[in-house]
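Please look over this model with me. My notes follow the structure below.

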Amino acid sequence: MMMQPFLSSVTIFEVGRLNILTESDVVVARNIGSQLAKELCFDKTTCIRIGTTVSELSRNIIEHANQGEVKLMIGTKENDSSGLILIFKDEGNGIEELDKIKSGNFVSKHGMGVGLTGSQRLMDDFHVESVPGKGTTITVAKWLPQYSKKMSAKRISSIQQAFKEFIARGEDSMVDTINAQNQELQFLLKKLQERNEEIETINKELEETNKGVVALNRELEDRAIAIEKAKQEAEMANKAKSEFLANMSHEIRTPMNAILGFTEILENKITEKNLLKYLSSISSSGKALLNIINDILDLSKIEAGKMELQYEPVNLFSLMNEVGQIFDHKTKQKKIDFFIEIDPSIPKVIFLDDVRLRQILLNLVGNAVKFTDKGFVKLSVEKAVSKTDKQTIDLLFQVEDSGLGIPENQITKIFEAFEQQKNQNLNKYGGTGLGLTITSRLINMMGGDIKVESQVEKGSKFKVYLYDLEVSSMVEPEQKNKETDISSLIFEPAKILVVDDIAHNRELIVSFLEKYELEIYSAENGKEAIDIAIKYKPNLILMDLKMPIMDGFEATSVLKSDDDLKSVPIIALTASAMKEEKDRILKSGFDHFLPKPISQKELVRELSNYLEYNTPGSNETTNSFFGIQKQTLSEESIQQIPKLIPVLEGKLKNKWNSIRSTFILNEINSFAEEIKVVAETFKINQLVEWSDKIIEQIQNLDMENLPCTINQYENFISDLKKLTDKEGVQNE
């Protein structure tokens with residue numbers, strides 16, 4: 001290896017080497033790199049940055065060469081501080097666009113996190129050598145501050161011996177890695193909070209300084225510089241946290257897909273009670289882990305200002321009753337009373353963020369039920385104050401219980417991140433200390449307030465005030481309870497292509513669909529998927545995103561540009577929970593996406609939106625919702641069809657495409673109302689019934705069947721065109 005200029009005056013001590021063959025090796029390398037950085041006494045933030053660099057450059061080895069080696073070393077400078085030196089070497093085909101990498105303008109085609117460009121920014125020294133056909137060597141270094149004490153030979157020797165034993169043991173436990181990453185996450189969150197408090201303190205000092213005289217201008221300038229520095233550091237920390245959260249979420253959701261999926265399959269096949277009990281424990285523990293990840297991501301989005309509220313018409317009565325139904329079984333199991341009280345003078349439909357209000361109520365009621373062993377839990381809503389403006393309303397939601405209660409000195413503390421009531425029995429009650437933190441911040445985002453009244457051993461009352469909520473003028477249709485049983489669907493014969501580089505994930509989907517008459521093909525990467533699709537012409541493709549050789553984005557782009565395959569629906573399978581990733585999916589040609597872990601019910605529901613199927617006792621395929629036939633239309637209506645088709649294929653179809661991707665309920669409702677007016681004008685009763693069905697499902701919050709109903713729009717247009725074709729033949 002050619003000695004790099006920045007190492008010319010450095011004494012190097014090798015610590016160990018790691019072979020990089022699989023993604024699990026990347027996780028091990030990241031963990032060992034972070035641990036070595038800690039041994040060298042780097043601060044926590046720098047340890048995380050070094051871990052990120054190890055992870056990204058190890059992935060670079062897999063991406064460009066499928067395998068390689070990471071060498072970990074300690075370096076000492078003459079009369080200067082010590083540092084960490086890392087060498088990433090492979091014997092692949094070399095890296096193209098090397099000039100862009102060195103200039104800092106390279107962006108990985110496979111979305112590998114901060115990638116090479118980001119790694120340059122995270123390290124003090126960075127050098128790339130890449131020879132076509134002979135491989136790539138990347139050398140990086142991170143040095144301790146100049147004032148740090150130079151490491152002694154004895155200390156270096158002890159670190160070398162310890163890490164040789166550490167590497168020999170093969171510390172690749174996923175549990176250890178998750179624990180280490182969770183500790184890093186908690187540190188980042190607290191670090192951000194400290195930075196925010198520092199900025200607030202500096203702002204207050206600036207306000208006081210502004211009241212001074214001109215002589216204090218110099219101090220003001222110094223403070224302004226301090227603010228900018230603190231802001232930049234906070235932004236860097238926030239970016240590192242977001243990158244870490246996205247990677248951690250992906251790393252956990254990928255194995256959880258197989259764990260929860262195969263558990264679901266076994267629960268449907270095994271009848272022995274003890275085995276079912278064990279499976280139930282696996283399933284509940286897995287879901288609890290996912291809830292923790294979702295809570296952490298929600299908190300991160302709120303702190304980063306990336307969470308957006310979506311206001312839409314909400315039936316408050318239905319939402320409250322739905323919350324009650326969710327906790328009905330648990331309250332009966334604990335033998336406590338559960339009451340719901342709704343002020344009858346409150347309008348039925350109010351503009352709210354349905355998802356976030358439901359999250360707030362579920363958190364508060366869930367806590368009340370958890371900490372109440374006898375007595376009652378009550379959920380109520382009433383007008384907070386009387387207002388002369390009838391277009392808006394202030395609401396007071398209350399969750400009251402007769403449970404353990406909260407000591408007065410703990411009430412403020414329970415709303416802090418990762419904090420729980422002092423002396424709380426964690427074995428009995430569990431939790432991460434994030435539920436009330438997220439609840440409080442969501443309420444603040446809505447412009448509301450939350451207050452708590454509590455007495456130990458007598459119970460608690462949480463009050464949520466939401467102000468100036470807009471009252472909807474939408475007329476609510478009569479509600480009906482009609483649902484399609486997903487488990488009873490019988491699919492017509494079809495070909496499905498499953499694309500995923502992880503064998504367990506492919507096997508899981510095959511197991512989910514084994515009872516249906518579906519011909520299933522498998523592919524390990526995007527290139528293989530294209531070859532199989534061209535050969536067998538599948539009816540639907542389930543496509544993973546991150547794969548070697550060719551990822552899901554590139555494969556989908558190729559398939560959608562093929563005239564013979566562009567109409568084949570492609571559903572993305574993603575382990576990412578970040579909004580940015582989902583937005584990218586919808587803009588990249590995919591017809592929809594399924595987040596991992598995937599359940600059998602979700603998968604079958606998604607397939608029913610694109611494949612033809614029957615239900616028991618029916619001889620007709622239900623992919624066409626009502627079906628428009630000549631004998632059901634008047635002669636006048638048939639003559640009007642040529643005028644109707646351009647209307648349905650114009651602006652209305654653009655709106656239809658929009659509501660399918662955004663799925664905002666008030667926009668879907670407006671679309672259905674507009675279709676109904678058109679259908680009544682042209683006297684097409686089937687379209688009237690279809691629009692009524694959409695409105696009914698919105699009011700019943702029937703999210704299971706609503707997407708399937710919406711997707712019938714093109715079927716109607718197709719049926720109408722067939723009628724005009726037949727009429728044209730007859731007229732000739």
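**Notes on a sheet and a helix**

1. In S10, Phe397 is the bridge partner of Val381. Strands here are DSSP runs of E with at least two residues, and helices are runs of H or I with at least four, numbered from the N terminus. This is a predicted model: local features need pLDDT of at least 70, side-chain atom pairs count only at pLDDT 80 or more, and totals for chains, interfaces and linings use all residues. Residues are numbered from 1 along each chain as its sequence is written, and side-chain values use heavy atoms, without hydrogens and water.

2. Strands S9 (residues 376-383) and S10 (residues 392-401) pair in the antiparallel sense, over seven bridges. Two strands pair if DSSP finds at least two bridges between them.

3. Now the whole sheet. Five strands form an open sheet, in the order S7-S9-S10-S12-S11, with mixed pairing. S7 (337-342) and S11 (449-455) stand at the edges; each has a single partner strand, so one side of each lacks a neighbour in the sheet.

4. Next, helix H2 (residues 44-65). At 1.5 Å a residue, its 22 residues should span 32 Å, and its end C-alpha atoms are 31 Å apart, which agrees. The expected span is 1.5 Å times one less than the number of residues.

5. Is H2 enclosed or open? Of its 22 residues, 18 are buried, so H2 is largely enclosed by the rest of the structure. Buried means under 20% relative accessible area, exposed over 50%, and partly exposed in between (1.4 Å probe, protein chains only).

6. Check what follows H2. Asn66 comes after the helix, and its phi is positive, near 70°.
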